[in-house]
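Biologist: I'd like to learn how to read this structure feature by feature. Could you take me through it?
Modeller: Gladly; let's look at it together.

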Amino acid sequence: MNSLLLFLPCAAGLEVYLAYEIYQILGASVQELRTMRGGVQIKAAWRDALLLNLHSRLAQRVLIQLQDQPYQSEQDIYNAAQSVAWELWFDIKSSFKVDITAQHSPLKSLNFATLRVKDAVADRFRDRTGERPNVETFRPDVRIHAHLTAERVILYLDTSGEPLFKRGWRFEKGDAPLKETLAAAMLAASGWSMPVLQEGTSTPLSGSKSGVELGQALYDPCCGSGTIVIEAAQIACQIASGINRRFGFEKLRPFESRLWNELKDTAKAKQVPARAEIFGSDISHRMVDFAEQNAIKAGVSEVTKFRAGDALQRMPPLDGGGLLMLNPPYGERIETAGVAGARQNATTEDGGEFYAQLATHLKTNYTNWTAWILTPDMKLSSKMRLKENRRIPMWNGPIECRLFRYEIKKGRMADAT
Ligand SMILES: C[S@@+](CC[C@H](N)C(=O)[O-])C[C@H]1O[C@@H](n2cnc3c(N)ncnc32)[C@H](O)[C@@H]1O
């Protein structure tokens, strides 16, 4: 249990931020870290796997790699799965589920390959105990992931259970909530929650400090259910991302509640009062209610301030500048009637007029703020009639997006940093 090969998948493009985060969580104990496409691999102990589940804001899951073999047929996949000592990891009474992903696999049916993995696991238990564990697709005790490349089958045991973006505080979703992992990625890439990293590496730019260390204010004027604000507030208070939820590892054999309680107690002892002011507003009163309820459940209601209001009208929540961060409505009719009521002329199908008005409002009233806007709309800057000084690729599930950065100076936006 002291030398496990872990793989932490994350959205494409976030690998270097995840690698930095892993160093922050595990410190000197990190061994053989490899940044790969779509995730980070490390050698680590069982305890580290628990810590990563508890603290990582960017990883989708923490997987233990148990097999990596060449294959050509479904039978090879069966053999690979049967050779893993699953009985060391879970009990015959645990139900399990197999998920499969593939890239360039020559196999015709992934369903059949999944079935072969299930059979191999169940047959291995039957050969040893005379019984087969139950397969359960809805709420399995144990999840096994199989990944097929063109030539190799890789088998993982999932220690997370529900994906890690589910922090356990979401009481109400709202209509189009960001995944918590993506909100965390926006905060990381902007330099708010971690120092700015040298391009393509997980090494901080020299002299760069995170915005939260500097106490930089943060405001999401289209906050919806409050994901960015709540994620930021938990970071500012050093609240562990997984403190409110259960994990798959609790059903695995090596699990000991004494160690787990110790790790959670240590995490709780590190919580601090917020080191930054964090605000959210939304044109919809309903959304603001959701955000407030979510903040209570996330333990950050004291440090977040939500208001109803139109992003095209709201003034900065405090003097002196800070960071605006938002994913504005997209691909839907932008309704602006809300609180402001009278103003109708920003209602356009493609958001063009909305963004032009937003830019004017920011230039007039948000001098010394930096705006970070996440959108799949690659024409954002021309709609804002502004020049961004950074654009960072990010994926919102299957949707390719950009995180645009605009530095707001009086009456204009800076062209470049
Ligand atoms: C894509 S959602 C943001 C989701 C949010 N990040 C979350 O995680 O729940 C866009 C939000 O913008 C809000 N909105 C639309 N027009 C607005 C306006 N003029 N001013 C403020 N908020 C607005 C919508 O009510 C919606 O909640």
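Biologist: In which helix is arginine 126 found?
Modeller: Arginine 126 is found in helix α4. Keep in mind that this is a predicted model.

Biologist: And how should I read its accessibility: what does arginine 126 count as?
Modeller: Partly exposed covers what falls between the buried limit of under 20% and the exposed limit of over 50%. Arginine 126 has 36% relative accessibility, so it counts as partly exposed.

Biologist: How far apart in space are arginine 126 and phenylalanine 279?
Modeller: The two are 56 Å apart from C-alpha to C-alpha, with a sequence separation of 153 residues.

Biologist: Let's turn to strands. In which sense do β5 and β6 pair?
Modeller: Strand β5, residues 96–102, and strand β6, residues 142–148, pair in the parallel sense, over seven bridges. To find your place in the pairing, look for aspartate 99, which stands opposite histidine 145 in β6.

Biologist: What is the handedness of the β-α-β unit made by β5, α4 and β6?
Modeller: That unit is left-handed. Its helix, α4, spans residues 110–129 and is where we found arginine 126.

Biologist: Next, backbone angles. Which value of phi does asparagine 368 have?
Modeller: Phi of asparagine 368 is near 75°, a positive value in a residue other than glycine. Asparagine 368 sits in the loop between α9 (352–365) and β12 (370–375). Its relative accessibility is 55%, so asparagine 368 counts as exposed.

Biologist: What about phi of arginine 385?
Modeller: Arginine 385 has a positive phi, near 55°, and is a residue other than glycine. Its loop runs between α10 (380–384) and β13 (390–396). Arginine 385 counts as exposed, because its relative accessibility is 64%.

Biologist: How many aromatic pairs does the structure hold?
Modeller: It holds 13 aromatic pairs. In one of them, tryptophan 46 and tryptophan 89 are tilted, with 6.4 Å from centre to centre and 45° between the planes. Tryptophan 46 belongs to helix α2 (residues 46–55) and tryptophan 89 to the loop between α3 (74–82) and β5, so the pair ties together parts 43 residues apart in sequence. Both tryptophan 46 and tryptophan 89 are buried.

Biologist: What kind of pair do phenylalanine 247 and tryptophan 260 form?
Modeller: They form an edge-to-face pair, at 5.6 Å centre to centre and 90° between the planes. Phenylalanine 247 is in the loop between α6 (227–236) and α7 (257–269), while tryptophan 260 is in helix α7, so this pair ties together parts 13 residues apart in sequence. Phenylalanine 247 is buried, with a relative accessible area of 5%, and tryptophan 260 is buried too, at 3%.

Biologist: Which residues form the aromatic cluster?
Modeller: Trp46, Trp89, Phe247, Phe249, Phe255 and Trp260 form one aromatic cluster. A ring can also have a charge over its face: lysine 179 lies over the face of phenylalanine 165, at 4.9 Å from the ring centre.

Biologist: Finally, where do the buried residues of α8 fall, seen down its axis?
Modeller: Helix α8, residues 285–297, reaches 19 Å from its first C-alpha to its last, close to the 18 Å expected. Met287, Val288, Phe290, Ala291, Asn294 and Ala295 are buried in α8. Seen down the axis, the buried residues of α8 fall within an arc of 160°, so they line one face of the helix. On the other side of α8, His285 and Ile296 are exposed.

Definitions and conventions: Residues numbered from 1 in each chain as written. Predicted model: local features only at pLDDT ≥ 70, side-chain atom pairs only at ≥ 80, totals over all residues. Heavy atoms only, no water. Pairing = 2+ DSSP bridges. Helix = DSSP H or I, 4+ residues; strand = E, 2+ residues; numbered from the N terminus. Right-handed = clockwise from strand over helix to strand, strands pointing away. Buried < 20%, exposed > 50% of the residue type's maximum accessible area, 1.4 Å probe, protein only. Phe/Tyr/Trp six-rings, centres within 6.5 Å; stacked < 30°, edge-to-face > 60°. Lys NZ or Arg CZ within 6 Å of the ring centre and 35° of its normal. Expected span 1.5 Å × (residues − 1). Arc of directions from axis to C-beta.
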